[in-house]
Amino acid sequence: MTVNRGHFGTRLGFVLAAAGSAIGLGNIWKFPYLAGENGGAVFLILYLGFVFTIGLSVMLAELAIGRTTQRNPVGAFNALKKGPWTAVGGMGVFAGFFILSFYSVVGGWTLAYAIKSATGLLATQDVNALGNAFGGFIKNPLEPLIYHALFMAITITIVVRGVDIGIERACRILMPLLFLLILVLCARSLTLPGADAGIAFYLKPDFSKINGSMVTSALGHAFFSLSLGMGAMITYGSYLSNKVNLPQAALWVTSLDSIIAVMAGFMILPAVFAFGYDPAAGPGLTFITLPAVFSQIPGGMIFGTLFFILLAVAALTSAISLIEVVIAYLIDERKLSRPRAAIVSGTTIFLLGIPSSLSLGIWSDFTVAGKNIFDIMDYLASNIMLPAGGIFIALFAGWVAFPKIMDGPKGGIGNDFRWTWIWQIICRYIAPAAIAVILISGL
Ligand code: PHE
């Protein structure tokens, strides 16, 4: 029964790989536009609040479930308690399929933008022209699909080789590089003339504008951004050796992820205001404003190209963690070979992504409650599936699996963890109740 599982060699390797899963398009593409749509500072505060309470606790729960059982999400629930809980793992595998299908479409945009920057197509500070360029690109029926295919092809190629070789090595070099580049861009964006309005929007909360959908979005995004609620962190925990201190690792990953998101806000929002663009412009925001920032930097074309390449890499490391949930399940539970599992799931995901991509152009007339297919997929995944998964994972960790995931042959959270009682109260009561209230009120 035991499958030879890959393992992360070191704690740093693990933290970087798990941070690689967490840090991705969620931080750099999605967070700034959500903040732009949802009142800036209010969204930032809600998001950080959820990240460091519910998010951190569910992160620890997932890592512990994974490390104790050394299994994929379905097998992990099954190993700890036979019965209906296994369905939570199954939901996670489904969410992996679902999320990656539209995630890869945006991943494709980053590849396209790397090329467009390199060829000088985006070298202007005229945000309206950049907005038209972006609109024209995503409306095209074919071009984004080619990049979506390319993005999935790269993802499949990496995961065919297994988890420890590619991921760990790539993350070690490329993630710090992305971090540096974001720092440079923050500096430029913050010093643009007219940036203050953006800084105020981002840091001065106007609580009179708060509404239920902001709260739902902030909670959903906390899950999405930390890769929680669908078993990605269970899968990564299962590759983890017993030397690593779990609470510390969870805190590291959570902090790194939210730091990058906050920085992405500083990189995009001041520029949005400086260039006179609309902060509520939606999913195009990062792709439209960043090229304008690059045009204000000497060597902007090179910086721009490098940035979009690194963003594509960050997206890839997240995509890998999404597909790894599906693949680990197919290998462990369905006994498929790794290459077969990768190719079958990757191709299905690619096909599933096509409607999302087309819904931004030729299929844009098809909407439900004002949302196109792309928005619907994102909404269902981030605001419903992941938080719902989070409820069950928290309940499972707090009630059902509790003593088992504290310790075990492979190590759980560790019995010396000082905050066990707080963590358990959050998992048993606070997180499930809070998420349920927000989910229900959001419907
Ligand atoms: N956290 C990733 C990001 O921010 C996306 C993701 C969601 C990855 C869920 C895995 C699971 O880009």
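In this predicted model, a nonpolar surface patch of about 740 Å² is formed by Trp399, Trp419, Trp421, Ile422, Ile425, Tyr429 and Ile430. Helix 18, which spans residues 420–442, supplies the largest share of the nonpolar patch, with 5 residues. Tyrosine 429, one of the patch residues, is placed in helix 18. The relative accessible area of tyrosine 429 is 45%, so this residue is classed as partly exposed.

Another member of the patch, Trp399, also takes part in a contact between a charge and a ring: arginine 428 lies over the face of tryptophan 399, at 4.0 Å from the ring centre.

A pair of aromatic rings is described by the distance of the centres and the angle of the planes. With ring centres required to lie within 6.5 Å, the count comes to 28 aromatic pairs. One of them joins tryptophan 109 and phenylalanine 287, with 5.6 Å from centre to centre and 80° between the planes. Because planes over 60 degrees apart count as edge-to-face, the pair of tryptophan 109 and phenylalanine 287 is given that description. Distant parts of the chain are linked by this pair, since tryptophan 109 belongs to helix 5 (residues 86–118) and phenylalanine 287 to helix 13 (residues 285–294), 178 residues apart. Tryptophan 109 has a relative accessibility of 1% and therefore counts as buried. Phenylalanine 287 is likewise buried, its relative accessible area being 0%.

Serine 217 is located in helix 10, which covers residues 212–225. Its relative accessible area is 13%; because buried means under 20%, serine 217 is assigned to the buried class. When residues up to four places away in sequence are not counted, serine 217 touches Asn38, Phe43 and Asn383.

Technical notes: Residues are numbered from 1 along each chain as its sequence is written. This is a predicted model: local features need pLDDT of at least 70, side-chain atom pairs count only at pLDDT 80 or more; totals for chains, interfaces and linings use all residues. Side-chain values use heavy atoms; hydrogens and water are left out. Rings of Phe, Tyr and Trp (its six-membered ring) pair if their centres lie within 6.5 Å; planes under 30 degrees apart count as stacked, over 60 as edge-to-face and the rest as tilted. Helices (H or I, at least four residues) and strands (E, at least two) are DSSP runs, numbered from the N terminus. Buried means under 20% relative accessible area, exposed over 50%, partly exposed in between (1.4 Å probe, protein chains only). A charge sits over a ring if NZ of Lys or CZ of Arg is within 6 Å of the ring centre and within 35 degrees of the ring normal. Patches are made of residues with over 30% relative accessible area and no salt bridge: like charges are joined within 9 Å, nonpolar side chains (Val, Leu, Ile, Met, Phe, Trp, Tyr) within 5 Å. Accessible areas come from the Shrake-Rupley method with a 1.4 Å probe; for residues, only the protein chains shown count as cover. A salt bridge is a side-chain nitrogen of Lys or Arg within 4 Å of a carboxyl oxygen of Asp or Glu. Contact means heavy atoms within 4.5 Å.
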